[in-house]
Amino acid sequence: MPHFSSRVSSKLPLVGTTIFTVMSALAQEHKAINLSQGFPGFAPDPKLIKKAAKAMKQGFNQYAPMAGWLPLREEVSALFERRDGVSYHPEKEITICAGATQALFTAIQALVRENDEVIVFTPAYDCYVPALELVQAKVHQVALRAPHYQIDWEQVKQLFSRRTKMIIINTPHNPTGTMMSAKDIATLAEITKGTDCIVLSDEVYEHIVFDGQKHLGAASHPELVSRSLIVGSFGKTFHVTGWKTGYVCGPEALMSEFRKVHQYNVFCCNTPVQVALAEYMKGERPEESLGTFYQKKRDLFLQALGGSAFEFQPSAGTYFQVLNYKKLSDDADTKVAKDWTVDFGIASIPISVFYQYPVQDHVLRFCFAKEDDELLKAAKRLHKISKTLLK
Ligand SMILES: Cc1ncc(COP(=O)(O)O)c(C=O)c1O
């Protein structure tokens, strides 16, 4: 076994194995139902698979253009035009990325410098803060608290200054399943107006919204359009998370800086997958029925939990539902998530790990992007927990 003789000085000393890896491994070891990691438990549309296979057979197997396959960028542009009435120029203002994660990382690398201040809302998707630490930004975290997880804009105003280089938002929000309202968006626009602050808007669940609500992202407000990079993920929208393909769009001045890093980060992304996605999106607009599809799953899961001791606000968007277990245990969510995987065969994600400081609201996140029978089986196990542990 070769070994490195010097001490390695970590650039991310606080980063260990992610909670997703820990919980999925524990779920596998104990043959638990795994509602921890956020990926669809069902196959994508066979038509999309066919198109990817066809693209490979037709010879789309070499490098794509650096900014992405143009017909796919045109489809992304059309989507924003239809939904928000905003025109992103496919050649200058949209880039195809290796998943939203790469888009977020590249945006931070391209636009944030050492000591720049960045505001992040927690619980936050876990890739933002390490990316900010790598560029030695100063991170201000604003905690969203159970049960409503609303943004405290007064706190944001207090933290905001001319040193604030970036605000990262995520709507619909992982892990809480909340969405930003028109008032939230207007307040963010008002705070950033007349400043150099960039908004990095993670909207990977843009099509997974429920109860007739409309997704309001950064493109829904003209002030934010002019200062935002918006990130999306085809993986979330078309049940192909393993394809790791996403996009970023934003004004040309931001996009040209983004591309300077992107070209040395990945240069370009998977060609046949981009060709297939462009063909697929041109046809039936499958993303338009995604909200209805997932709302049925949310409702099935929550109805099946009726009569249990879990407390919840139905998720407004994403494929996550948070459940409060305080009637069942006073233990920390990290302990409860592990114990219930081992003792009751159901794996979830503890919310506290997504905060900067230990916050204990006794809340676990469950992913309902699973087959109906698996969701019903999961609900049965949660009922058993409820009966066994009710204080
Ligand atoms: C909020 C959020 N942002 C970004 C991502 C990453 O998306 P991708 O798989 O396209 O990199 C995820 C995936 O779980 C997510 O939940």
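1. An open sheet of 3 strands has the order β9-β12-β11 with antiparallel pairing, where two strands pair if DSSP finds at least two bridges between them, and where strands (E, at least two residues) and helices (H or I, at least four) are DSSP runs numbered from the N terminus. Because β9 (320–324) and β11 (349–350) stand at the edges with a single partner strand each, one side of each is left without a neighbour in the sheet. Strand β12 (residues 363–367) is joined to β11 by 2 bridges, the two running antiparallel, and Ile349 stands opposite Arg365 in β12.

2. Please keep in mind that this is a predicted model, in which local features need pLDDT of at least 70 and side-chain atom pairs count only at pLDDT 80 or more, while totals for chains, interfaces and linings use all residues. Residues are numbered from 1 along each chain as its sequence is written.

3. A further open sheet has 7 strands in the order β2-β8-β7-β6-β5-β3-β4, and its pairing is mixed. Here β2 (94–97) and β4 (138–143) stand at the edges, each with a single partner strand, so one side of each lacks a neighbour in the sheet. Neighbouring strands of this sheet are turned by 20° against each other on average, direction ignored, with axes being lines fitted to C-alpha atoms, for helices over the stretch in contact, and angles running from 0 to 180 degrees between N-to-C directions. Within the sheet, β6 (residues 198–202) and β7 (residues 228–233) run parallel and are joined by 4 bridges; the partner of Ser201 in β7 is Ile230.

4. Helix α4 lies across β2, β5 (164–170), β6, β7 and β8 (246–249), running at about 160° to β7; contact here requires C-beta atoms, placed from the backbone, within 7 Å. The helix has 13 residues and reaches 19 Å from its first C-alpha to its last, close to the 18 Å expected at 1.5 Å a residue, the expected span being 1.5 Å times one less than the number of residues.

5. Of the 13 residues of α4, 11 are buried, that is, 20 or more other C-beta atoms lie within 10 Å of their own, with C-beta atoms placed from the backbone. Among the buried residues are Gly99, Ala100 and Thr101.

6. The ligand is surrounded by 14 residues, of which Gly99, Ala100, Thr101, Tyr125 and Ser233 are the closest, a residue being near if its C-beta atom, placed from the backbone, lies within 6 Å. Helix α4 (residues 99–111) gives the most to this shell, with 3 residues.

How values were computed: Buried ≥ 20, exposed ≤ 12 C-beta atoms within 10 Å, placed from the backbone. Contact = placed C-beta atoms within 7 Å.
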